[in-house]
Amino acid sequence: MTARTLKDRAAIAGIGQTEFSKNSGRTELQLACEAVKAALDDAGLAPSDVDGLVTFTMDSSEEMEVARNLGIERVSMFTQVPYGGGAAAGTVMQAAMAVATGVADVVVCYRAFNERSGNRFGNMSGRITTLPLWLSWYAPYGLMTPASWVALHARSYMHTYGVTNADFGRIAVVDRAHAATNPDAWFYGRPITIEEHQSSRWIIEPVLRLLDCCQESDGGVALVVTSVERARDLRQTPAVIAAAAQGATFDSEMMTSYYRDDLTGLPEMGVVGEQLWRTAGIAPSDISTAFLYDHFTPFVLMQLEELGFCGRGEAKDWATVERLSLGGELPINTSGGLLGEAYIHGMNGITEAVRQIRGTSCNQVDTVEHVLVTAGTGVPTSGLILARR
Amino acid sequence: MSSRLAPSMTADTQFFWDGVKEHKLLIQRCGSCGLLRHPPRPMCPRCNALEWDTVESSGRGTVRSFVMPHHPPLPWFEDPYIVALIELDEGTRLVTNLVGIAPESATIGMPVEVHYEEFDDGLVLPLFAPLRAGDAS
């Protein structure tokens, strides 16, 4: 009997993306189809090879609409992962489970949206008439954007550990430096200094300045997941899935988990990390480079602590620009991240991890063995460890 | 009078808003083990009992966290305004506005008390203000 583990059972064999922009000029469905086709071409597979599709519950392009456009004829697995950007690595976990169990052979995961030119997540006030139940505890008081939900949580972390907004700014500086040398990044050629960060306007005082907030983007990203054996026969170096996990904990809300005793951590990510290290059989020190979900900078510091790269309250000192930059001990977000490259709900972090495994990143890290990817934070979330084997 | 977005409610949460209308801050209490919980929900996470009643909060608590949202501007608010997470003396928490104090004077840990404000269409919200001197007992 095969061991009950997801370790090394599946691999990402193809990646695809559209351009990242502020106004794609086409439908979200078209972006999804373009990204999926690009990922299949990258892998050297045809639509007829695909028998599984996974996306986000928030995606507007249903699995069968994408299948109908691609000409995918026979599908044995289709599902959607909830909780916004927390779904990103979760799509790959679902795909890997399907491949490992023989439910499907080739699964595409995709996410495509016009989050800048269409419905902007931070601009809910213009389109809400009836509040959803969960938002009814917050919106009447003017707490109704992702930035504000994150900030109320992060303020508690700042207060407890003496963390300042300038500490968060280092994450933006690192990400924008990496974006500056990635031609696909929106902020290609436009690095920032900590002084520029500190003089950018407050979005949510005293936690988030403009340059702490990820951009809003139009675009699509897709991944092809298949067995490690099949991936070895395809066009690209397989990015073997050494571990994939989802995680949630008691009293989780969608970005407003204010009711737990401790408000200084991201316990959902703790659950993910614990599983990733156990499944892959490695420790944080074995990670060559990481993509840490960076919708808002404070939660990058908190992730470093939650995942065990440093102790509680230590990230403000541990997370130096040198350590997190290309050439440092733990280069993060080498594509520029959601702050610098594009905000494709975390799926563009997975493509960058695959490029690092293949050795084709614009900001290639020397001798890559294991790459960590995390998904949306402050929500039920997910993570991956990809390996070069 | 000004307006705010009105909360939605279900059979699980209506008692809270009914209470606020009568200037009472009600906390849901498990009918079996006595655990207090907020936001309200149908089942006790500790003992799984479905029976519940409510207790009236003293209306006093402390500021656990607070922020000043500046962008995007919202039609219901004048900048600056304070959104705070309050921990009630009874132990449950709720998000609200901190009023009657300038942002630069507010601090985490400061004692506060409930203050009811009426908005358009009969909406009443429980806002919080600094505990008045001499009120601390």
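**Reading strands, a helix and an interface**

Author: In chain B, three strands form an open sheet in the order 2-1-3, with antiparallel pairing. Strand 2 (36-37) and strand 3 of chain B are the edge strands, each pairing on one side only. Helices (H or I, at least four residues) and strands (E, at least two) are DSSP runs, numbered from the N terminus. Two strands pair if DSSP finds at least two bridges between them.

Reader: What ground rules apply to the numbering and to the model?
Author: Residues are numbered from 1 along each chain as its sequence is written, chains are lettered from A and ligands numbered from 1 in the order in which they are written, and side-chain values use heavy atoms, with hydrogens and water left out. This is a predicted model: local features need pLDDT of at least 70, side-chain atom pairs count only at pLDDT 80 or more, and totals for chains, interfaces and linings use all residues.

Reader: How many bridges join strand 1 and strand 2 of chain B?
Author: Strands of a sheet pair through backbone hydrogen bonds, either parallel or antiparallel. Here the two strands pair in the antiparallel sense over two bridges. B:Gln28 stands opposite B:Arg37 of strand 2.

Reader: In what sense do strand 7 and strand 8 of chain B pair?
Author: Antiparallel, over seven bridges. B:Glu118 has B:Val124, in strand 8 of chain B, as its bridge partner. The hairpin of these strands has five residues between them, and B:Asp121 there takes a positive phi near 60°.

Reader: How many residues of strand 8 of chain B are buried?
Author: Buried means under 20% relative accessible area, exposed over 50%, partly exposed in between (1.4 Å probe, protein chains only). In strand 8 of chain B, six of the seven residues are buried.

Reader: B:Pro130 is in that strand. Why does B:Pro130 count as partly exposed?
Author: Because its relative accessibility is 22%. Contact means heavy atoms within 4.5 Å. Leaving aside neighbours within four places in sequence, B:Pro130 is in contact with several residues, including B:Val99, B:Ile101, B:Met110 and B:Val112. B:Leu35 is 95 residues from B:Pro130 in sequence and 28 Å away in space, C-alpha to C-alpha.

Reader: Which residues of helix 1 of chain B are buried?
Author: An α-helix has 3.6 residues a turn, so residues three or four places apart point the same way. In helix 1 (residues 14-21) of chain B, B:Phe15, B:Phe16, B:Trp17, B:Gly19 and B:Val20 are buried. Among the elements covering them are strand 1 (26-30), strand 3 (52-56) and strand 8 (124-130) of chain B. After the helix comes B:His23, with a positive phi near 60°.

Reader: Now the interface. How many residues of chain A and chain B are in contact?
Author: 36 residues of chain A are in contact with 40 residues of chain B. Buried area is the accessible area (1.4 Å probe) that two parts lose on being put together, summed over both. For these chains it is about 3200 Å², 65% of it on carbon and sulfur atoms.

Reader: How many salt bridges are counted between chain A and chain B?
Author: A salt bridge is a side-chain nitrogen of Lys or Arg within 4 Å of a carboxyl oxygen of Asp or Glu. The count is one. A:Asp251 forms a salt bridge with B:Arg41, the closest N and O atoms being 3.9 Å apart. Helix 4 (146-161) and strand 5 (202-205) of chain A each supply at least two residues of the side of chain A that touches chain B. Helix 4 of chain A gives the most, with five residues.
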